[in-house]
Structure formats: structure tokens, C-alpha cells
Amino acid sequence: MHELDEQLRELIPRLRRFAVSLTRQSSSADDLVQASLERAINRWADKRPEGDLRAWLFSILYRQFLDAHRRSRRYTRMLEFFTGRDDTQPSVERTVMAQSTLQAFDQLSTEQRALLLWVSVEGLSYKEVADILDVPIGTVMSRLSRARQALRQLSDGEITSPSLRILK
Amino acid sequence: MISLPPSERDLHAYVDHQLLESDRRLLETWLAAHPDVAAQVQAWQQDAQHLRASLSGALQQPTNPDLDPALIRQRIKRQSRRHLATAAVLLIAVSAGGLGGWQARQMTLSTVLPMTDAMQAYRLFAQNGILPADYNVQGNGDMQAWLDRYFTQAHRLPDLSQAGFKAVSGRLLTTDQGAAAMVLYEDQQGRRISFYIRPPGPQNNLLPRGSSHSDGLQAEYWSGGGYNYAMVSPSDEPVTQMLKQTVGF
């Protein structure tokens, strides 16, 4: 009855991988995947994608993540206001430790991680990525270029954050 | 068709296999003659490869059954059914005054029998069986626990087992006095008695013990623990007598 379910099942490992790369924790990543699958199933009836199902699912998951992230940031700011602390910043040590590609990847911004995963790992076309982000292809290309430079520099350990200098 | 020397975008498109075949060959020839650019391109290719390799493990996670589409589909269905049930309850909101709208206003001065909403609820759910219950007692299911979820420190459900009546189902309702619940008791013969509970309303209209009749129904009502209660049963039945004795009216 649901030819979609079979296709979804096949793509779940990819969705989970993408979700982990966004959330950096597997437990909240699966919550994100679950919410995205719910949304996809609900939307399938009236808004089924024209092109690649995978790109469509990535776009749903990415939106959900951004929404949740925005909400949690607001929540964090509120917490900070009451506790006067900010525990969400990655530590300075983490910045220095970025030697391997994966560690470098983890340092990138959300959008840069998503871009590189879509293009370099999943092999989506620039057009598909442009549709997901709702920006022109040219914009995708220049953002991708910046993401790649950043990854390169972080992998080489070229970038030291200003806060690191203060510490030393 | 790309132009040479290539733009940075063309180089990225090359790394990402997004150039036309003819452009790709053109660029490869050009790169062969320009080793520094070639090294840069190679570094990007390597990063991409490393990324693919280090992220490939993430595809091998053990399956999480919660993520199965069929299961998610069921969950969605269950949720929407619950929404539907809630919507139905709102539609069949019981009016404590017995009548709604302007009619109720016209009648504010005339006496309205207390707890007529309990009788209305009995008619809707015990006699007409309009909607399925929100909670059914299964096995040793605890009706009291279900009720305690919604009404704190309310009087305990009366034990009518001596008379052969068991609590079988519960239903939540909205009334113009606040949220209400009705618990239905049934005996072997299929006779029904309801226990009805709701807040006393905005006027804190607490009731002395009493009873009322209306259209073949009998209601015993009282207040306590911050709520109003009623036991409703068909009148002219030995049941009424039994109730008076068991619950101690």
C-alpha cells in the first residue's frame, strides 16, 4: 500500500548520518529523523517531491533542525540570563585539536557541514542543493567554496581562534 | 563551456563531478600544466575523500525500530484519532444549565435542577452510546487511577460490587462549569449507573446532598473535596434503592 515506506527505509541510514552531522549526538539525531519522517509521511499526500526523494528528505530534516536549533538557542539565552553561564560554546581545546578531517568538519558552521555532506558525501547536484536552501546556484557555489577553504584550513591546523591566542 | 584559466567555481565543479565531459577534459589538460592549482584541487578532492571515508561508518548504525515508517504511520494515525475524539468531545460539550445560548439566559431566573449536566451526559453516553469511551477498564485496570489523573483529591469512586456493578469505562467532557468526567458502571444485566464529577463552577456552587428526577432518570448529588458529584441511574429501579444504601445518601 505504501510504496513510500520501502524507499524511506532505504534512506533512513543516510538521514541518520546527516542528522548526526548536524546535532553531533546520535540520540537527538534520531529524534530529528523521526520528526522528519513524520513530516514527510504527512506531506507525501499533497506535496510529494518532483525530483530526488533523498534531496526532499534532506531538506525537510534540515528545516526541522534549524527550527529546533533556533528554539533551543532562545532557550539557552534564557538559561544564560538566569544562570549567567554559557555552556554551549565549544571549548578552546577543541579548536586546537582539529587535526583530522572529521574533527575539522565538526568545527564548521551548520550550513557548511550540510553543504559538504550533500555535495561531497551524498553527491547531490548544485541545483538540488540550491532548491533545498532556496538560493541561486551561484550562491551555493560560493558558499561551498568558502566551506571547502574552511575545512582545508582547519584540517591543516592553520586556524587558531582569537580566544586561543589570549590563553597562550 | 568553461573559459581558461578556470574560475574557482569551475574548479569546485570539477571536484564535484558537475562539469560537462568536454569541460572536464579541457580542465584536466590545463591542470596538468599548472601544478600549484592542481595541488589545491587535489587537496579538496582528498578532503572530500576523507570526509566520505570517515562518515561512511555512520551508515552502519544498528537499526532503530522507532524509525520504521510503518510504525510512524501508525503513530500518526493514532494521534489524529485522538485529536478527532477531542474535537468530538468539544462539540458535545454538555451544558450544566440544561440549555445553551440565549435560552439559558432566558431561564436564569427559573430554577434549574442541580447537576442536570450529569443527566445529559448519562443520556448521551450511557443510553445512546454516541462516542467510544476515553478509557476502558481492561483486566485489573484501575479506573480510580485514571480519574485521579484529571481530578486531584476527589472523592473515591463508590464500590458498587456488592450490588453487582463494576466500573467499566470513563469519558472526559467539557461543561460550562469546567472539565468533567463520567465513569460508567455496568452489571451483568447490562444496567448502567454513572458517576459524574466536575468543578463547582465559577460561582463555586457547592451542593447539599440531594436528589432529582427528570425524564426517567434519577440523580443523587453532593459536593466534597472541591468538586460536585452525581450518581445517575434510571429511576423506578431497585438500583436507586441500592444506590441510596451503598453510597449512603
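A salt bridge here is a side-chain nitrogen of Lys or Arg within 4 Å of a carboxyl oxygen of Asp or Glu. The model shown in these views is predicted.

**View 1. Salt bridge between Arg148(A) and Asp16(B).** The closest N and O atoms of Arg148(A) and Asp16(B) lie 2.5 Å apart. Between chain A and chain B, five salt bridges are counted. Residue pairs in polar contact between chain A and chain B number 19, with both residues at pLDDT 80 or more.

**View 2. The side of chain A that touches chain B.** Helices H1 (3-23), H2 (26-47), H5 (101-107), H6 (110-121) and H8 of chain A each give two or more residues to this side. By residue class, the side of chain A that touches chain B holds 19 nonpolar, 12 polar and nine charged residues.

**View 3. Area buried between chain A and chain B.** The two chains bury about 3,300 Å² between them, 58% of it on carbon and sulfur atoms. In chain A, the most area is lost to chain B by Arg16(A), Arg17(A) and Arg148(A), which together account for 19% of what that side buries. Contact between the chains involves 40 residues of chain A and 33 residues of chain B.

**View 4. Packing of helix H7 (residues 126-133) against helix H8 (residues 137-155) in chain A.** The two helix axes come within 8 Å and cross at roughly 100 degrees, so H7(A) is roughly perpendicular to H8(A). H7(A) contributes Tyr126(A), Lys127(A), Val129(A), Ala130(A) and Leu133(A) to the contact, and H8(A) contributes Ile137(A), Val140(A), Met141(A), Arg143(A) and Leu144(A). Eight of the contact residues are nonpolar, none polar and two charged.

Key: Residues are numbered from 1 along each chain as its sequence is written. Chains are lettered from A and ligands numbered from 1 in the order in which they are written. This is a predicted model: local features need pLDDT of at least 70, side-chain atom pairs count only at pLDDT 80 or more; totals for chains, interfaces and linings use all residues. Side-chain values use heavy atoms; hydrogens and water are left out. Axes are lines fitted to C-alpha atoms, for helices over the stretch in contact, and angles run from 0 to 180 degrees between N-to-C directions. Helices (H or I, at least four residues) and strands (E, at least two) are DSSP runs, numbered from the N terminus. Angles under 35 degrees count as roughly parallel, over 145 as roughly antiparallel, 65 to 115 as roughly perpendicular and the rest as oblique. Contact means heavy atoms within 4.5 Å. Ala, Val, Leu, Ile, Met, Phe, Trp, Tyr, Cys and Pro count as nonpolar, Asp, Glu, Lys and Arg as charged, and the others, Gly among them, as polar. Buried area is the accessible area (1.4 Å probe) that two parts lose on being put together, summed over both. A polar contact is a pair of N or O atoms within 3.5 Å; within protein, one must be able to donate a hydrogen and the other to accept it, and residues adjacent in sequence count only if both atoms are side-chain atoms.
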